[in-house]
Amino acid sequence: MRYAKIAFIAVVCLVLILTVSFLGCKKEAAVEGGGMAVTTYANASDITIGFSLWTMQFTFFQNVEKGVKDACEDLGFKYVMIDQNSDATKMVQDINSLVGQKVSGIVVTPVDPGAIGPAVENARQNGIPVVCADIGKSGPINALMISDNFKGGQLAAEFLASKLNDTTKPLGLGNLLPQWTYARQRGEGFLAKALELGYDVAANIIVQNPSAEGGFDTMQQILSAVPDVAGVYFCSGREAVGAAQAIQASGKDILSVGYNGDPEEFQAIKDGVLNATILQEPYFIGYRSVEILAEILLEGKFYENVEVPVDVKLVTPENMDAIAAEILKKTGNSAFPE
Amino acid sequence: MDDFRFRKVKQNLGVFWGNFGLPLIFIIIVVVFSLSNPSFATRYNILSNFGFAAYVGIAAIGMTFVIMTGNFDISIGSMLALVAVLGSSFMPKTGGVIGVLATLAIACSLGFINGIFVTKLRIPAFITTLGMLFVFRALAFIYTNNVPVYISDRFWLYIGNGKLFGVIPFPVLLMGICYLAAYLVLRKSPVGRYIIAVGTNARAAALSGINVDNIKILVFTLLGLFVGISSIVNSANQGAANPGLMGQNFEFQVITAVVLGGTALSGGNGSLGGSLIAALIVTFLGNGMGLMQVNSYWQLVATGLVMIFAVSLNKLKFYLLGQGEY
């Protein structure tokens, strides 16, 4: 009975505290004309950029990180990076930790774009502007650098159509999970362009396991569903390489296109396993994200929910060497596995 | 006589280490990081870490109960995701308070189902919860078509992100209340004694009139409840419930905290305070290394080594107490 009383009093206290503090909670502070209040700086050396990155495991993200770091060095900013380790919970903690460190601006490449809303809101309430470097966003943000995914899908369809030159031949699509709202545009662009060119995308299967093995399995499903498939497009690099290996194992003559421009894809194109890929520019995405923060923090330029599309390119065996040389010159990284 | 005095000193050291070993490790971690990085010891960072520890810390209460009965549950990561997507999708129709209560009811039901499988169908906890790990995750995917559910309800968001009087993260208070309630249940109520009895010797407990099945069902249901609270905190932190990404490796984090906290996997012996301190150790360690720019792979190495070190020091307690379990 005594403990029931204690529990009752504790619950009443909790409800009271919750009510009082909930009524007192504030929404994001907005400035006149929308957006957020940002502290501007006179000296670049006073600025620290915090970067929260999905993972350092993949080349794509290593290049984003290199771009952010190089831009910070070039612009004279201090730089702090935290790896999310592909964990959405850690990502939220990391962004809050950067706020606690009182960084001047944050660049984030989110493992789960849907999960950054409250953490970004907290940063902005503290006067820290946030730029998303690729993947996507949820809720208000200053700017989002994002590849022109729809165009990338269109380029893939155009490439397959130009090689097949026969609209009776069916195509296949290894699509992305529905949660990747922005990246899903790679598939949407492909479907729209294929339809426009008169091709039938007879199999549109989601790669449930985003990996080379997942690509291999999905390609086998496409081969079972559409045995006479003539060309396939996979919306991510590792999956595309796995799919190309499944095609090779089947002994069939099927064209394949990937997306990303990962070193594994460059090697697969060189080996004649993959026919083409759509190249994103992760280094530029990272570099430009910091430049945008510089414009906000040093010049007071207004950015609110601005989406900055980044161009994509088709890589084929014909232009591969020239593009690889360009990547090496720009980023210092080889386009091929080292 | 000398031998007697030596044993007495050993026992006192054992008692001291049993009570203060983990808190000591926690304090050392906080002091080392505070001296190494000025950003660590700020009020904001310390309070944020306490808030984030609630995610693992609250679920660790339920897992402590379950492990004390000699069982464990590896389905809680998937359960967390399923509960979050179900609860947050009901929210727009039910409103905040009813939505939270409904979410907790769903979580309890899932824990109850696990308990029924383990007790009435006599399926080992490992097999039951391994199966449910797949079932719960798949149901979360099917229900949402793998599309995250965004949360806009202010009450729900407040539970994970609110600050009491603008300072203390609300999850800290929530975690404190959960631990207080769990302490009262475990140490001051007959149910707590039954849990310990079942974990120590289920047959003897049954012979002394305790309904062992009901106690096991109760602890699995309680675990569901605490996972439900963690689920609300976590989804509120993220502003969304993602069926695929929420709760990944959650079961390992929680079981790690409970075992690190001194609860014996064989059952019977457990410590709620130990689970709490262990959850804090894991959170503060991760944050401290992140602030010090330690490479993420080295962070995993260091976390693993600290855990092994802490558990071996826990074994030291048994040696000093002369219990021969080291």
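Colleague: Where is the place of Val92(A)?

Modeller: In this predicted model, Val92(A) sits in helix 3 (residues 88-100) of chain A; helices (H or I, at least four residues) and strands (E, at least two) are DSSP runs, numbered from the N terminus. Residues are numbered from 1 along each chain as its sequence is written, and chains are lettered from A and ligands numbered from 1 in the order in which they are written.

Colleague: Is Val92(A) buried or exposed?

Modeller: Val92(A) counts as buried because its relative accessibility is 3%. Buried means under 20% relative accessible area, exposed over 50%, and partly exposed in between (1.4 Å probe, protein chains only).

Colleague: Which residues does Val92(A) touch, not counting those up to four places away in sequence?

Modeller: They are Ala115(A), Ala119(A), Phe52(B), Asn237(B) and Gln238(B), where contact means heavy atoms within 4.5 Å.

Colleague: On to the interface. How much area do chain B and chain A bury between them?

Modeller: About 3,400 Å², with 63% of it on carbon and sulfur atoms. Buried area is the accessible area (1.4 Å probe) that two parts lose on being put together, summed over both. In chain B, Tyr44(B), Arg154(B) and Gln238(B) lose the most area to chain A, together 17% of what that side buries.

Colleague: How many residues does the contact take from each chain?

Modeller: Chain B gives 39 residues and chain A gives 41 residues.

Colleague: And how many salt bridges does the rule find across the interface of chain B and chain A?

Modeller: The rule finds 0, a salt bridge being a side-chain nitrogen of Lys or Arg within 4 Å of a carboxyl oxygen of Asp or Glu.

Colleague: A change of topic: what is the phi of Lys102(A)?

Modeller: Phi of Lys102(A) is near 60 degrees, a positive value in a residue other than glycine. Most residues other than glycine have a negative phi. Lys102(A) lies in the loop between helix 3 and strand 3 (105-109) of chain A, and Lys102(A) is exposed because its relative accessible area is 67%.

Colleague: What about Ile135(A), buried or exposed?

Modeller: Ile135(A) counts as buried, at 15% relative accessibility. Ile135(A) is in the loop between strand 4 (130-133) and strand 5 (143-147) of chain A, and has a positive phi of about 70 degrees although it is not a glycine.

Definitions and conventions:
This is a predicted model: local features need pLDDT of at least 70, side-chain atom pairs count only at pLDDT 80 or more; totals for chains, interfaces and linings use all residues. Side-chain values use heavy atoms; hydrogens and water are left out.
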